[in-house]
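These entries record what I looked up in the structure, in the order in which I took it up.

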Amino acid sequence: LRADTPTLTADSTITLGGLLTTFSNTLTNAIAVTSNNRAIVDGGDSHVDAVAAAGIIALSAPSGIGTANAIETTGTRLSASSNNNDIRVTETDGIVALFLSAGTGDVFLTAGGAITDTDGSTDITADDASITISTAGAALGTSSNAVDVLLSTLVTSTNAADQYLSTSTTVTIGNGDLSSGAANTVHLVSGGWFTTSTGGDINGKAEVQGAAVLAGNGTVTGSVSTVSGAIIDPGISTAGVLTTGPIDFASGVTFNVEIDGNSPGIGAGFHDQLVTTGNVTINSATVTLTTLGYTPQDGDSYKIINNGGAGAVSGTFSGYPQGQITPNFLGSPYFMRIDYAGGDGNDVVLEIFSADTSVDIDGSGNLVITDINTTTNDALTISLNAAGTHYIITDPDRKSTRLNSSHIPLSRM
């Protein structure tokens, strides 16, 4: 069928076994195939089913599109919709505008070129989706127009090319992964959660941009870079372990850590942990520490970053310099000290301890130092600050000494 705007409509199943072609190479010319009550299927031959050099190829069928064999198209603008049934399309070229809606069905899309997506709308709505671009260097999305999805599960594959993905909901990376190639990057652009899982990893580098969340219990095989507003969140709804290559926490990035036990692991009774296979850089990013119902205990130790790199952790979290002590940690009567040289020497560890020494001023203005744990001896050092305005009382030998008023103004002495 050849026409300026080929249109094929039927109430029953439509089998495409030949070629639908537009005569004109303009945006206004399109191919429209609609089954009102059934499916659109491929006849199983080797022909491309629809060709539209510039116009839209629009496919609509409530019972699915390409139910056994994919519908083959050649065009730059593709629209396909079904009523909660699968969509299977193989596009021989690249795509500049994409709209696939399968409801609770799944989408299987293969493209022979880059998917650049210039329309800015939601591109794929389905339960699960699989997107494959086989051409080397052909990207999925662009830095200015990410492919936007509303899905439960997503699998992608590009051949040594970057991917740009966005969502406004939670998308689980399915078995088959998000694969860009070791030298290329999966860019998580905005809005929602991208959750790694066992068998659902990111094969390549990852960039987490503003408001996007990288979460779950899977692996990013390459390095992870972040942009202000991004969130790194091991686990899903319980504690979890997220594994990455070298990671850089930019200023304005949030690292969420949930604590439900004294050991790292997945599920109830554990605490979150980020495991890296390379160095860790922290540029005054934010760390949020919350409990899932667990009360910290004296002597607990939470290794929240297991640094597999050879170097020391570079930088610290905002408000948590090396050795910072936090009282009444997570509602407990104990204190937390953060150590960026913990574990085997370069891990980030939260140490929980009870008070050992009390330093205070009584009602008469006297400095009172009390050893509240009589089984230990405390070697305290009293010194002046650089300005000569405060006494500084420290314990150089014991990191578990709590000083209530360790910086005492001279005017109060």
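**Confidence.** I began with pLDDT, the predictor's confidence in each residue, from 0 to 100. The protein chain averages a pLDDT of 89, and 90% of the residues score at least 70. Over residues 399–413 the pLDDT is below 50, yet this stretch has 52 contacts in the model beyond near neighbours in sequence; contact means heavy atoms within 4.5 Å.

**Conventions.** I noted that this is a predicted model, in which local features need pLDDT of at least 70 and side-chain atom pairs count only at pLDDT 80 or more, while totals for chains, interfaces and linings use all residues. Residues are numbered from 1 along each chain as its sequence is written, and side-chain values use heavy atoms, with hydrogens and water left out.

I took helices (H or I, at least four residues) and strands (E, at least two) as DSSP runs, numbered from the N terminus. Buried means under 20% relative accessible area, exposed over 50%, and partly exposed in between (1.4 Å probe, protein chains only).

I then looked up the partners of S9, where two strands pair if DSSP finds at least two bridges between them. Strand S8 (residues 71–81) pairs with S9 in the parallel sense over three bridges, and Ile71 stands opposite Val89. Strand S11 (residues 107–111) pairs with S9 in the parallel sense over five bridges, with Val107 opposite Ile87.

**Ala285.** I found Ala285 in the loop between strand S27 (280–282) and strand S28 (286–291). Ala285 is buried, at a relative accessible area of 0%.
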